[in-house]
Amino acid sequence: MKIATWNVNSLRARADRVEAFLERHDIDVLAIQETKCRDENFPWELFERAGYEVVHNGTSQWNGVAIASRVGLSDVQRGFPGQPHFGKGGVDPQEESRAIGATVGAEAADGVAPVRLWSLYVPNGRGLENEHMGYKLEWLRVLQEHAAARLAEDPDTRLALTGDWNIAPQDEDVWDIELFQREGYTHVSPPERAAFRAFEDAGLVDVVRPRHPGPGVYTYWDYTGLAFPKKKGMRIDFQLCSPALARTVTDAWIDREERKGKGASDHAPVVVELG
DNA sequence: ATGGTCGCACGGCGA
């Protein structure tokens, strides 16, 4: 079973690319971030045509997460328990469309057991002193508690937290760490990295890094300033797997080719294969 | 080349 996660930066703008990606790599399950649409604008027919069930959490033109599967899709959760809300200046806090969970793989033809999968779009943080940063850290804290509790109640759980984490956990995960530290950039700050490490401390495993160690291995390149050809990228998209699931991973990789050419998302898909 | 990159509510904001 092949599971991919991909921040598509608008599903409608990327519809042809998404369809071609699913076919090219024979993807069974796709966790999508930044659909950038509400349900009424969601391209349902794309997935129907391609033979996938799909579920979506999209409440505005921002954010939006989805899971598409051709091997079963059940027990959908829109948002995780206690997911923090955000309102500018604390006014009218809303739950943003940044998380959707579902069980996939119950109908896997290869006999692979079901997986509890989350498609996550972690808040950006925007600046070290910005109110979005506190929101980001709290959002991650509650998500980590949820994942750790699931692992504690069932150490054999097959859980995957996938998506755009908006954190570069290691110095080698950005093209110039000295620049990032000098300028006080987000994504590399100690509190953000501690928030990410807490997931690893709970037992979740980045199954891609051991197979594709850095430096220079990225999942995101800014649209501006020719960042992609200049190799100025960041590794911020991850598939974190519970120990029981990580043990069954047979391959994992980043589809850097997908970042090439006209009409690419600024993120590359991250693919994991389970045996 | 006085810009520079995309996406979304068409235009200022988010990344």
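Q: How do the residues that line the largest cavity divide by class?
A: The lining of the largest cavity has 4 nonpolar, 2 polar and 3 charged residues, where Ala, Val, Leu, Ile, Met, Phe, Trp, Tyr, Cys and Pro count as nonpolar, Asp, Glu, Lys and Arg as charged, and the others, Gly among them, as polar. Please keep in mind that this is a predicted model, in which local features need pLDDT of at least 70 and side-chain atom pairs count only at pLDDT 80 or more, while totals for chains, interfaces and linings use all residues. Residues are numbered from 1 along each chain as its sequence is written, chains are lettered from A and ligands numbered from 1 in the order in which they are written, and side-chain values use heavy atoms, with hydrogens and water left out.

Q: Okay, and how much space lies in that largest cavity?
A: The largest cavity holds about 30 Å³ of space, and the structure has 1 cavity of 30 Å³ or more. On a 1 Å grid over the protein atoms alone, a cavity is a set of points where a 1.4 Å probe fits but cannot get out, whereas a pocket is an open set with protein on both sides within 12 Å along at least five of seven lines, and lining residues have an atom within 4 Å of a point. Grid points are joined across faces, edges and corners, and the volume is the space filled by probe spheres set on the points.

Q: Which strand gives the most to its lining?
A: Strand E12, residues 237-241, gives the most, with 3 residues; helices (H or I, at least four residues) and strands (E, at least two) are DSSP runs, numbered from the N terminus. Among the lining residues are Asp-206, Arg-235 and Phe-238.

Q: What about the largest pocket, what volume does it have?
A: The largest pocket has a volume of about 690 Å³, and of the 35 residues that line it, Tyr-121, Asn-124, Gly-125, Arg-126 and Asn-166 are the closest to its centre. Its lining divides into 13 nonpolar, 11 polar and 11 charged residues.

Q: Switching to helix H1, which of its residues are buried?
A: In H1, residues 15-25, the buried ones are Ala-15, Arg-17, Val-18, Phe-21, Leu-22 and His-25, where buried means under 20% relative accessible area, exposed over 50% and partly exposed in between, with a 1.4 Å probe and protein chains only.

Q: And why do they line one face of the helix?
A: Seen down the axis of H1, the buried residues fall within an arc of 165 degrees, so they line one face; the arc is that of the directions from the helix axis to the C-beta atoms. The face turned away from the buried side carries the exposed residues Asp-16 and Glu-23.

Q: What covers the buried residues of H1?
A: The cover includes strands E1 (2-7), E2 (29-33), E13 (249-254) and E14 (270-274), along with helix H2 (44-50).

Q: New topic: where does Gly-72 lie?
A: Gly-72 lies in the loop between strand E4 (65-69) and strand E5 (73-78), and it is buried, with a relative accessible area of 2%. Leaving aside neighbours within four places in sequence, Gly-72 is in contact (heavy atoms within 4.5 Å) with Glu-53, Thr-103, Val-104, Gly-105 and Glu-107.

Q: Last one, how many disulfides are there?
A: The structure holds 0 disulfides, a disulfide being a pair of cysteine sulfur atoms within 2.5 Å. Cys-37 counts as buried at 1% relative accessibility, and Cys-241 counts as buried at 1% too.
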